[in-house]
Amino acid sequence: MLETILQTIGISGTPARVYMKLVELGPSSARRLAETLSLPRPSVYDGIKVLVKENMVVERQEDNKKMFAANDPSTLTHSFEEKIQTLTE
């Protein structure tokens with residue numbers, strides 16, 4: 001179901017995989033995401049960049065290491081409503 005919602009709001013491919021993995025794992029480093037998704041780290045960072053822009057992922061520093069966390073999936077409803085409003089206008 002989450003994958004369908006992500007596709008509906010225009011998030012697919014690597015960004016969708018990264019988001020779903022963050023929901024599953026909780027806060028994670030890009031290295032851990034790359035290892036668990038079998039993706040190169042630059043691809044993970046590209047996906048994270050899309051998700052941060054969409055306010056779906058937050059970045060924070062923990063012990064001098066960048067950590068990424070998914071915002072609550074219920075916030076996707078807000079993103080979906082914004083996209084509908086933009087399309088309607």
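Start by selecting R17, V18, K21, L22 and L25 in α2, which meet R32, L33, T36 and L37 in α3. Contact here means heavy atoms within 4.5 Å. By class, this contact of α2 with α3 has five nonpolar, one polar and three charged residues. Ala, Val, Leu, Ile, Met, Phe, Trp, Tyr, Cys and Pro count as nonpolar; Asp, Glu, Lys and Arg count as charged; the others, Gly among them, count as polar.

A note on the model. It is predicted, so local features need pLDDT of at least 70 and side-chain atom pairs pLDDT 80 or more, while totals for chains, interfaces and linings use all residues. Residues are numbered from 1 along each chain as its sequence is written, and side-chain values use heavy atoms, with hydrogens and water left out.

**The whole fold.** Colour by secondary structure. The protein has five helices and two strands, in the order α-α-α-α-β-β-α from the N terminus. Of the 89 residues, 33% count as buried. Buried means under 20% relative accessible area, exposed over 50%, and partly exposed in between, with a 1.4 Å probe and protein chains only.

**Helix pairs.** Two packed helices are described by the angle between their axes and the distance between the axes. Show α2 (residues 13-25) and α3 (residues 30-37): their axes come within 11 Å and cross at roughly 105°. That makes α2 roughly perpendicular to α3. Axes are lines fitted to C-alpha atoms, for helices over the stretch in contact, and angles run from 0 to 180 degrees between N-to-C directions. Under 35 degrees is roughly parallel, over 145 roughly antiparallel, 65 to 115 roughly perpendicular, and the rest oblique.

The axes of α2 and α4 come within 8 Å and cross at roughly 85°. This pair is therefore roughly perpendicular. Select T14, P15, V18 and Y19 in α2; they meet S43, V44, G47, I48, V50 and L51 in α4. The classes are seven nonpolar, three polar and no charged residues.

**The core.** Which residues have the most contacts inside the largest nonpolar core? Select I11, V18, V44, L51 and M56, from a core of 18 residues. Such a core is a set of buried Ala, Val, Leu, Ile, Met, Phe, Trp, Tyr and Cys residues joined through side-chain atoms within 4.5 Å. The elements that give two or more residues to this core are α2, α3 and α4 (41-53). Centre on I11. Beyond its neighbours within four places in sequence, I11 touches L6, A16, V50, L51, E54 and M56.

**The aromatic pair.** The structure holds one. Y45 and F68 sit edge-to-face, 6.0 Å centre to centre with 80° between the planes. Rings of Phe, Tyr and Trp (its six-membered ring) pair if their centres lie within 6.5 Å; planes under 30 degrees apart are stacked, over 60 edge-to-face, the rest tilted. Y45 lies in α4 and F68 in β2 (residues 65-70), so the pair ties together parts 23 residues apart in sequence. Y45 is partly exposed at 34% relative accessibility; F68 is buried at 1%.

**Two loop stops.** N55 is in the loop between α4 and β1. Its phi is near 60°, a positive value in a residue other than glycine. D63 is in the loop between β1 and β2, with a positive phi of about 50°. D63 counts as exposed at 79% relative accessibility.

Note on methods. Helix = DSSP H or I, 4+ residues; strand = E, 2+ residues; numbered from the N terminus.
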